Amino acid sequence: VRGRKVLPNGGSRSSIQSSPYTIFLESCQGKHIIDVDGNKYIDFNNNYTSLIHGHCHPKIVKAATNQIAKGSAFAFGSEIEVRLAELLCERVPAFEQIRFMNSGTEAVMNGIKAARAATGRAKIAKCENAYHGSYDVAEVSLAVSPTDLSKGDPDSKAYSFGTPQGVLDDIVVIPLNDVANSRRILDAHGFDLAGILFDPFGSNMGRVPPTQQYIDLFAEMRTKFGLKLIADEVVAFRSGFRGCMDKFKVHADLTCLG
C-alpha cells in the first residue's frame, strides 16, 4: 500500500509486477532471495542476468566496499576506469575504445547517436519486437503482434502513447531471420540508414538468435550503403568471454554492453 502511493503500481519496473502484490525483498545472498514476509526463494532472474555471480558475492562486496572508502563517484577520470577499459579492449580485439554509461538504455542511445554522427543520416533499422531499452527510438515496434508478411511489411508502431510521429518515421522495421524480405526492405532505405540495431542473442525474441545468414546480410548492407552495425550486447555479452558476436564472422562497428 505504501509503495503504490509513491511508485507506479508499487514498483519501478513494470516487468516485476505480480498479482495481487509485487514481491518486496528484505535481503539476498548467493542464489537465494528473502522477502519481507520471510519467504525464501531461489533467484532465477539475477537482476535480469546482470548478477552473474549471484547476490552479495564476498569478493565483489569487498571490492565495492574498498572503492566506496576511496570515493563512490567522480566527475573526473580515475585509474580504475582506465583499467576496466583496458580489460575490455584486451578481451575483444574488435573493441578500439570504450565509453562508460549508467545503463544499457543509455549505451544504445549513444550507439545510435554515434552511428548518426558518423554517417550524417537519421534512420535506424531494427528487428520487429526486439527490445533495446527504454528509449523512444529503441522501443518502436516492441511488444506487437508479428507481422503477417503476406499482407505487407512491418510498420513502425509506437510502444507508448505520445511517441512523436517523427520518431516512427526514422525507424525501419525488419523481420527477424527473414533474409529475403529484410534485404528488400533495407535496400529500399539503404542510403538513408545510419545503422542497423540488432541483438545477436535474441534476448527478447524467445531466445531465438539471428542466424549467420542474417548477420551476413547486415554486413552486406554495410558494404553496400556505408551504414553502421550496432550490436546490442547489453545481455548478450554475458554469453561468452568475448561476447555473443564473437561466434559470428562479422564485427559490429558499435557494441553496447551491460
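A surface patch is made of residues with over 30% relative accessible area and no salt bridge, nonpolar side chains (Val, Leu, Ile, Met, Phe, Trp, Tyr) being joined within 5 Å. The structure is a predicted model, in which local features need pLDDT of at least 70 and side-chain atom pairs count only at pLDDT 80 or more, while totals for chains, interfaces and linings use all residues. Residues are numbered from 1 along each chain as its sequence is written, and side-chain values use heavy atoms, with hydrogens and water left out.

I23, L25 and Y41 form a nonpolar surface patch of about 260 Å². L25 belongs to strand β1 (residues 25–29). Two residues have the following relative accessible areas, where buried means under 20%, exposed over 50% and partly exposed in between (1.4 Å probe, protein chains only).

| Residue | Relative accessible area | Class |
|---|---|---|
| L25 | 41% | partly exposed |
| H55 | 11% | buried |

H55 is located in the loop between β3 (40–42) and α2 (58–70).

Helix α4 (residues 104–119) contains 16 residues and spans 23 Å from its first C-alpha to its last, close to the 22 Å expected at 1.5 Å a residue. Its buried residues are T105, A107, V108, G111, I112, A115 and T119. They lie on the same side of α4, because they cover an arc of only 165° around the axis. These buried residues pack against β4 (123–127), α5 (136–139), β6 (193–198), β7 (228–233) and β8 (254–257). The exposed residues K113 and A117 are on the face of α4 turned away from its buried side. Just after α4, G120 adopts a positive phi of about 75°.

Notes: Helix = DSSP H or I, 4+ residues; strand = E, 2+ residues; numbered from the N terminus. Expected span 1.5 Å × (residues − 1). Arc of directions from axis to C-beta. Contact = heavy atoms within 4.5 Å. Patch = residues over 30% accessible without salt bridge, like charges linked within 9 Å, V, L, I, M, F, W, Y side chains within 5 Å. Areas by Shrake-Rupley, 256 points an atom, 1.4 Å probe, with all protein chains shown as cover. Salt bridge = Lys/Arg side-chain N within 4 Å of Asp/Glu carboxyl O.
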